[in-house]
Amino acid sequence: MQKKRVLILSEGFGSGHTQAGYALAAGMKEIQPNVHTKVIELGSFLNPTVAPWILSAYRLTVSTNPALVGMLYRKQHDKPLKRLTALALHKLFYNHTADVIRQLRPDLIVCTHPIPSAIIGRLKASGLDVPLCTVITDYDAHGSWMNRQVDQFLVSTESVRRILLKRGVHPNSVNVTGIPVHPTFWTKEDKAIVRRKLKLKNMPTVFIMGGGWGLVANKELFYQLAQWKDRVQLVFCVGNNQKLLTKLKSSPAFSHPNIVVIGQTKEVSKWMDASDLLITKPGGMTCTEAMAKGLPMLFCESIPGQEEKNCEYFVSGGYGEVLSPLVLDRWLHAISSGGTAAAPHGFRMSPYHSAPREVYRPERCAEELVELLNARTAGARPAELRRSLWASM
């Protein structure tokens with residue numbers, strides 16, 4: 001049987017966009033084994049010398065001046081990429097990206113970041129005859145995602161869909177699928193069994209993580225958590241923050257049988273299955289993974305902009321709370337005693353609360369892409385797949 005080819009394009013501004021790309025690749029393969037996928041961070045692939053400098057500058061800005069990041073996000077929230085920016089991207093990437101597409105001959109192109117979506121859009125406007133699907137990987141829709149050449153948008157929630165409709169996207173071109181997660185998050189392992197696999201004790205467990213760029217040291221939070229180390233098992237996942245990893249492992253305060261410190265891991269799914277509570281930054285991917293697992297969340301250190309919007313969604317939906325000393329103590333007391341005090345009214349995901357969860361099928365996004373791919377390989381052209389007439393933006 002002939003392989004069906006899907007090119008998935010992302011960028012390395014944060015880890016979530018590319019993570020979503022790999023989740024889609026694995027999910028599509030799980031549903032339809034004859035799908036062949038290729039995930040590329042376009043900027044790093046085409047400009048391996050310059051891209052790391054740009055990403056490093058972005059990361060430095062996020063960590064040292066988050067208020068500026070938030071101001072720029074809000075200022076440009078309802079505006080598409082400026083024509084000058086689009087033209088610059090066109091000049092930098094047009095020929096090289098066209099070469100990549102000619103070599104890989106994809107039947108479908110999927111973008112999980114607005115920059116490659118804009119580049120492919122320019123190629124489509126110039127005659128590229130391959131359908132383009134854009135997956136918005138947050139619980140908000142910044143204006144930079146807007147692109148007239150997108151055949152299908154896949155979005156996280158109905159509220160994000162309404163934002164796109166307000167901007168002129170035809171209803172048939174937007175599907176609410178939820179943010180994609182890797183198939184390992186589609187199911188849940190038995191807590192006691194997975195704890196044994198991870199060499200953890202079978203006791204109340206809190207998983208603390210800070211996203212793909214690593215957990216940032218928060219002395220007050222760490223000190224408060226450490227006070228519970230005799231009653232609660234604490235797993236600190238510091239990502240690629242090697243300095244913090246060394247510091248925690250060498251600190252006498254964290255040298256305790258109930259405290260585990262790990263670096264970057266490919267087994268987040270298992271660590272979540274082993275846990276009763278997640279403390280995290282409100283990144284779109286991490287929070288969606290926890291939602292798929294039914295794991296309650298406490299949110300800290302939101303980056304102004306999309307992370308604030310993510311936090312608003314999960315708190316208002318009853319999936320988590322904003323971290324504070326009082327909230328943390330309430331949750332730690334509840335999970336350590338097996339009581340019900342931790343769950344606020346309407347908290348949907350707590351094991352101590354019986355309210356029904358909002359429907360989220362983690363495989364739905366991959367299923368939708370497989371359907372689009374099959375329609376394309378059956379002979380449908382991009383214009384027929386799009387089924388939309390954009391209003392003027």
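**Helix α1 on the sheet of the predicted model.** Helix α1 (residues 16–31) lies across β1, β2, β3 (108–111) and β4 (132–135) and runs at about 175° to β2. Helix α6 (residues 114–125) also packs on the sheet, where it touches β1, β3 and β4, and its direction makes about 165° with that of β4. Helices (H or I, at least four residues) and strands (E, at least two) are DSSP runs numbered from the N terminus. Angles run from 0 to 180 degrees between N-to-C directions, with axes fitted as lines to C-alpha atoms, for helices over the stretch in contact.

**The open sheet.** Six strands follow the order β2-β1-β3-β4-β5-β6 with parallel pairing; two strands pair if DSSP finds at least two bridges between them. The edge strands, β2 (35–41) and β6 (174–176), each pair on one side only. Neighbouring strands are turned by 20° against each other on average, direction ignored.

**Pairing of β1 with β2.** Strand β1 (residues 4–10) pairs with β2 in the parallel sense over seven bridges. Lysine 4 stands opposite valine 35 in β2.

**Contact of α9 with α14.** The axes of α9 (residues 219–226) and α14 (residues 325–337) come within 11 Å and cross at roughly 25°. That makes α9 roughly parallel to α14 (angles under 35 degrees). Leu221, Gln224 and Leu225 in α9 meet Pro325, Leu328, Asp329 and Leu332 in α14 (heavy atoms within 4.5 Å).

**Notes.** Residues are numbered from 1 along each chain as its sequence is written, and side-chain values use heavy atoms, without hydrogens and water. In this predicted model, local features need pLDDT of at least 70 and side-chain atom pairs count only at pLDDT 80 or more, while totals for chains, interfaces and linings use all residues.

How values were computed
Angles under 35 degrees count as roughly parallel, over 145 as roughly antiparallel, 65 to 115 as roughly perpendicular and the rest as oblique.
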